[in-house]
Amino acid sequence: MAMTMSEKILARHAGLDAVEAGQLIICDLDLVMANDVTGPPSIKEFEKIGRPVFDANKIALVPDHFQPAKDIKSADLAKTMRDFARKNKIKYYFEQGRVGIEHVILPEFGIVAPGMLIIGADSHTCTYGAVNAFSTGVGTTDLAVGLATGKAWFKVPEAINVHLTGEKPKNICGKDVILTLIGKIGVDGALYKALEFTGEGVNELSMTDRLTISNMAIEAGAKAGVFPFDERTKFYVANRVKKPFEPIYADEDAEYCATVEINLSELKPVVALPHLPENVKPVDELGEIKINQVVIGSCTNGRLEDLSIAAGILRGRKVHPDVRCIIIPGSQEIYKEAMRCRWIEIFIDAGCVVSCPTCGPCLGGYMGILSAGERCVSTTNRNFRGRMGHVDSEVYLASPFVAAASAITGKISTPEEAIQFGIRNLEFGIKIPKSSKLIRNEEC
Amino acid sequence: MNIEGKVWRYGDNIDTDVIIPARYLNTFDPAELAKHCMVDIDETFAPNVKAGDIMVGGKNFGCGSSREHAPVAIKASGIPVVIAASFARIFYRNGINIGLPLLEIGDDVEKISADDVLKIDTDTGTIENLTTGDTFHAHPLPAFVQEIAKAGGLINYIKSKN
């Protein structure tokens, strides 16, 4: 029977030759992941089960949401997770100073690999679909059971074929692709379903683009967003993943419940207006929307390529006097590379705040909370009411191109609009030095 | 289980950030979470909700973050069942896993208004709107999911298999 990538990964982990959409199955998990918000309640539930952890080498605990601790209660959460990790000899626990944003570091460190089945107590766990894994977000209780048994139950999802064609324009990145898709199908357009990306347009997308796209699959309600394994994936994982893995390929005659066509060459820079990620509009149709804050970072857009885009636009320019611009590298390695490339200097000279890796402002945690009536252009993933602070604040989701350009102009802008504000011609991203270890592994 | 209660009615795409905003996620004490449940869209809910009241939403209820704090906050508010046109996937799993029944009724949800009184049999999924006289039937739960619900949640279900 012909199967999708999702069906094949689930079948393999259920010990079955084949599965079909709608089937309820129990699968063996390759990795179980939680953060400092979801980990501690999971640990409490786990302890009720009364079993040891299923495999200390297949558990990742990442204190990234409210850490370095923003208050006493958050310090208590971190302590609960730290003590648990030590007691149970959890292999992938990362302390402050070594930790980064969970969905940035797990691919970067090669902990997630093609063909794997992963659950994480964080809705953006779907990010790892970019490296050809089936990976999905769960809650506290599913995670607790995963910690104890290494298993989870799944309903095999139908898959939507997102067929990508055309060449990606220079001012477009993965964020515009996924926002455009969510704008087309809506925030429940893929409810209970998987998104699977196909077509020659996949070749146009860097690993950073793919990680951004898979990351926001949940914003269309999807269970996962899976990319095919190709030369670029192979190159990306080759220098990172230290264990054997088995890539997965969709059958040519796999059945999809729907197909959505996206021609990359037709894409324009877009933003998602408050208060839903489906309220997507091209930036050049917006008129003047003044802003107070810009955030560039997060598990969606906190990678080296994202920072190179921001540095390319901010170099030789100044953040608008009425705007605070907060830049958050997704990992310590990204921070270091950005420093070596002198982008951190560019950011600070432009008048930006540069933070240590954290989820911080994305979920209204800390490090950039909005006051009543304030507007933020953010490269993060959600613009729900009150998401980044006061219930009467507004979040506009955008690419690093649009976010950096808007920081300069003080209003939501295309990168082209930022040209007049600087001494240099507009550059779409700074070329990342070939000597950079991180990027050497990302370009082929 | 039979339930009779008054309706708190909300719209489409009620996300977990409004069910329990992230600024309250530094605790997972159910009673503390209940104090802030729905605060960003309905400040009247937490102070006025009564045990046995019923929450009704539109489509894609519980979308967004995977925080189980959201169904926990609703359950700890005294809400014994949530009805919606459809539920977001992670919220649905979380509700089942903590023993909070969730009933999906599609477009019939339009026939339920704020302050209506509903009588619900969660075993059969039958919902009577005592205010309007309408009767609806929720989509039945898969047998495996019913087993988890009957055990009172996934932890109890797993323990029973120990």
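Where in chain A is A:His275 found? A:His275 is placed in the loop between strand E12 (270–272) and strand E13 (280–282) of chain A. The structure is a predicted model. In this model, a cis peptide bond joins A:Pro274 and A:His275. Its omega is about 0°.

A further cis peptide bond runs from A:Gln67 to A:Pro68. Here omega is near -5°. A:Pro68 sits in the loop between strand E3 (59–62) and helix H3 (72–87) of chain A. The backbone at A:Tyr192 also deserves a note. Phi of A:Tyr192 is near 65°, a positive value in a residue other than glycine. A:Tyr192 lies in the loop between H6 and strand E9 (194–198) of chain A.

For the complex, the predictor gives an ipTM of 0.93 and a pTM of 0.95. Chain B has a mean pLDDT of 94. In chain B, 99% of the residues reach a pLDDT of 70 or more.

Chain A is divided into two parts: domain 1 spans 5–264, and domain 2 spans 271–440. Taken over C-alpha atoms, the centres of domain 1 of chain A and domain 2 of chain A are 24 Å apart. Contact between them involves 34 residues of domain 1 of chain A and 33 residues of domain 2 of chain A. On the domain 1 side, helix H4 (102–108), helix H6 (174–185) and helix H7 (207–215) of chain A each supply at least two residues. H6(A) gives the largest share of that side, with 6 residues. By class, the side of domain 1 of chain A that touches domain 2 of chain A holds 11 nonpolar, 14 polar and 9 charged residues.

H6(A) and H7(A) also pack against each other. Their axes are 8 Å apart, at an angle of about 30°. Angles under 35 degrees count as roughly parallel, so H6(A) is roughly parallel to H7(A). The crossing of H6(A) past H7(A) is right-handed. From H6(A), the contact uses A:Gly174, A:Lys175, A:Val177 and A:Ile178. These meet A:Thr208, A:Asp209, A:Arg210, A:Thr212 and A:Ile213 in H7(A). The residues of this contact divide into 3 nonpolar, 3 polar and 3 charged.

Another helix pair in chain A consists of helix H2 (residues 39–49) and helix H5 (residues 140–149). The axes of H2(A) and H5(A) come within 8 Å and cross at roughly 55°. H2(A) and H5(A) are therefore oblique to each other. Their crossing is right-handed. H2(A) contributes A:Pro41, A:Ser42, A:Glu45, A:Phe46 and A:Ile49 to the contact. H5(A) contributes A:Thr140, A:Thr141, A:Leu143, A:Ala144, A:Leu147 and A:Ala148. By class, the residues of the contact of H2(A) with H5(A) are 7 nonpolar, 3 polar and 1 charged.

The two chains meet as well. Their contact takes 36 residues from chain B and 42 residues from chain A. On the chain B side, the elements that give two or more residues are helix H1 (16–19), helix H5 (89–98) and helix H7 (154–160) of chain B. H5(B) supplies the largest share of this side, 6 residues. The side of chain B that touches chain A has 15 nonpolar, 11 polar and 10 charged residues.

Definitions and conventions: Residues numbered from 1 in each chain as written. Chains lettered and ligands numbered in written order. Predicted model: local features only at pLDDT ≥ 70, side-chain atom pairs only at ≥ 80, totals over all residues. Domains from an automatic or database assignment. Contact = placed C-beta atoms within 7 Å. Helix = DSSP H or I, 4+ residues; strand = E, 2+ residues; numbered from the N terminus. Nonpolar A, V, L, I, M, F, W, Y, C, P; charged D, E, K, R; others polar. pLDDT = per-residue confidence, 0-100. Axes fitted to C-alpha atoms, helices over the stretch in contact; angles between N-to-C directions. Parallel < 35°, antiparallel > 145°, perpendicular 65-115°, else oblique. Left-handed = near helix turned anticlockwise from the far one by under 90°.
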